[in-house]
Amino acid sequence: MNRSVLGTVGLIAGREIRTRVRSKAFVITTVITALTLVALAIVVSVIQGQANTSKIGVAAGLEQRFAPVLQAVAQRTGKDLQITSVTDPAKGRAQVSEGNLDLFVASTTPTSVTVVVDSNLDAGMQAVLQAALQQDIVAAEVARLGGNPQAVAADLASAEVRVQALTPPPPYDPQRLFLGVIAGILIYLALMLAGQMVAQGVVEEKSSRVVELLLATVRPWQLMTGKVLGLGTLGLIQMTFIGAAGITAGVATGALDLPVAAAAGIVGWLLVWFLLGYLAYAFVFAALGALVSRQEDVGGVVTPVTMILIVGYVLGVSVLPVDPYNTVVSVLSLIPALSPTLMPIRLAIGGVPWWQTTLALVLMLATIPVLVALASRIYRNAVVRSGAKVRLRDALR
Amino acid sequence: MADRTLVLDELSKSYGSTVALDRLSMDVRPGEILGFVGSNGAGKTTAMRIVLGVLSADSGEVRFDGEPITFATRRRIGYMPEERGLYPRMRVGDQLTYLARLHDLDARSAEAAARLWTERLGVAARWDEPVQKLSLGNQQRVQLAAALVHEPDVLVLDEPFSGLDPVAVDVMSQVLRDKAADGVPIVFSSHQLDLVERLSDRVGIVARGRMVALGSVEELQRTGAAELVVVAPHAPPGWADHLPGVVRTSQRDGRTVVELAKTPSAITGQALGNADNADNADDADDQEILAAALATGPVHEFAHRRPSLTDLFRAVVRESNEPDVAPVLTKGQRR
């Protein structure tokens, strides 16, 4: 009997999986989402490359003195310069307007530098040029006073600010903020889509009245569990595929400068929280879906739950990348209703104290059985009542 | 009542102040086709849904094979719900195979059973099509296949014939007869009373949640008002109105229909299962009427007219809507 009971749940789950995998919409959505992440990784790596390398032309006579100073200053600020000398100033201008050069240093006087750009000079480059010019002036003055300009330049290059923080924040990597946002979007979309799919599936069975035929052979909890597990398996496969594609593309293109272990950790946590969030939310979605009999009514009846998902998501992606250690959001991320959307973002950003990770997991694991019990009760009482929307209070009896 | 009989024992069900079933009882015997008729909202669907466990009764019990019905026995029932229930986007073959597997058939037997029933019900050509692409009549055939695909021990079919063309009706009727011949008890509801009359071994008429008549069509006919058709061209209007035992007459073109009162003996006779007594009870009246008719001139035709199931149905429903009328009981019904 036990085997048959589980076998029935398996059969139901299997039907859900087969039906969705065969549908073009599911395959297309999955592939498009994965491709979007891959494209994003490529775009990011290209932008990063462009932002850090500038092609600069210098007029004849400047390459000996000004160009090395410029190169040294740029290196200190993390910029790569490709400096070429251009003998003919007219040619330099032409190359800038054609886009072959980002910048052409046309001439210098002891107190100024004239540069040619296409439309405007970006702020970073402006600062580099300013500093280079100042250093040049200092070097000239040092030489005039009989000092050693090279020694001064070396001192300037090694000058640094030492910080002594009284309460240093846990270290985080700026690009992991970006990863956090991606994780937030992924888990939000996955929970929302899978949850809606569960609710719609329940209503489909109700509106087509096939549920009556099914409940003559299977128990309500088997039907609900089979559906939730089937769609959950699909969601997990989808999430693994998309997450792996995104991270692999990110690391491969160099858009993400992460050790493989850290990357795998982010995907792992994403999957864990998807699984937990899904178990909690999907049963609730199933129960709420059972309250109505028409597809048009699904949106309305699941709104309170989707609102919770949306709140978590919006808080997560708007606050955390700016302020990863925001106290309010950190506290909220421990609460079971919000932890599935907030925790994966925090974990992707990094620096979450282990006790918070554990507490969020424990609270979530403790909540799931309660939600499942409530949901089963609502589902069982509501699923064969067709017609008008069943009131939640009646379904809980 | 052991031996594969499906028994509904005093089922009651109310929705708030609306009484859907009021101590409804009936039994469906192995190999019997029982037609279940009643007006819309009389309680047929509610009764069937209770048998399937989709609804629970407020009181009363459903038994099968002498035992109170359980989840396990319910799975041996083939069910066709009133509102058709199939996955609209699932293919016919997949759907039937899936339903058979839910009833514990292994993959191979499930597909074989699905093939067999699509073949028999004439929808084998639609095997790969999603159900929603089929015509309503074909969807209905698939629905019946869904009820039959796990070789059920009992069939409970809510309006299996609605919306079917005559050929499909014949196919379905034959399938039901074959299942009955295998000893399966079958109960089906329908508003097509001629069909019920043709197909059913017994008929149960339900009104306002109560079983008001249950028996073979013949038995029920005897409980209905007896009518005489007299063709006496020279009879004056109202010639039979004041004869003993006459309830009502109607006269047109020399043809008089005389409705006779049901005599107490007629009903008693049927309750005892003694058809001869019943006929004898009527005899006393009709001979007097014949004599009266002959007194008016020549009589070309003088015949008993048996009420059709439709007439009976109308009469029974009319009666049950009058207060304080005891349900008609025949030998088919347990007290």
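Why is H3(B) largely enclosed by the rest of the structure? Of the 11 residues of H3(B), 10 are buried, so the helix is largely enclosed by the rest of the structure; a residue is buried if 20 or more other C-beta atoms lie within 10 Å of its own, exposed if 12 or fewer, and partly exposed in between, with C-beta atoms placed from the backbone. The buried residues of H3(B) are B:Val92, B:Asp94, B:Gln95, B:Leu96, B:Thr97, B:Tyr98, B:Leu99, B:Ala100, B:Arg101 and B:Leu102. Helices (H or I, at least four residues) and strands (E, at least two) are DSSP runs, numbered from the N terminus.

The model is predicted: local features need pLDDT of at least 70, side-chain atom pairs count only at pLDDT 80 or more, and totals for chains, interfaces and linings use all residues. Residues are numbered from 1 along each chain as its sequence is written, while chains are lettered from A and ligands numbered from 1 in the order in which they are written.

Between the two chains, 21 residues of chain B are in contact with 16 residues of chain A, contact being defined by C-beta atoms, placed from the backbone, that lie within 7 Å. On the side of chain B that touches chain A, strand S6 (77-80) and helix H3 (92-102) of chain B are the elements that give two or more residues. H3(B) gives the most, with three residues. This side of chain B comprises 12 nonpolar, three polar and six charged residues; Ala, Val, Leu, Ile, Met, Phe, Trp, Tyr, Cys and Pro count as nonpolar, Asp, Glu, Lys and Arg as charged, and the others, Gly among them, as polar.

Positive phi values occur in chain B. Just after H3(B), B:Asp104 has a positive phi of about 75°. For B:Glu151, phi is near 50°; B:Glu151 lies in the loop between helix H5 (136-148) and strand S7 (154-158) of chain B. B:Glu151 is partly exposed, with 17 other C-beta atoms within 10 Å.

A nonpolar core is a set of buried Ala, Val, Leu, Ile, Met, Phe, Trp, Tyr and Cys residues joined through C-beta atoms within 7 Å. The largest nonpolar core has 167 residues, of which A:Val198, A:Ala282, A:Phe285, A:Ala286, B:Val149, B:Val156 and B:Ile186 touch the most other members. Helix H10 (residues 260-289) of chain A supplies the largest share of this core, 17 residues. Not counting residues up to four places away in sequence, B:Val156 touches B:Met48, B:Val51, B:Leu52, B:Ile77, B:Tyr79 and B:Val187.
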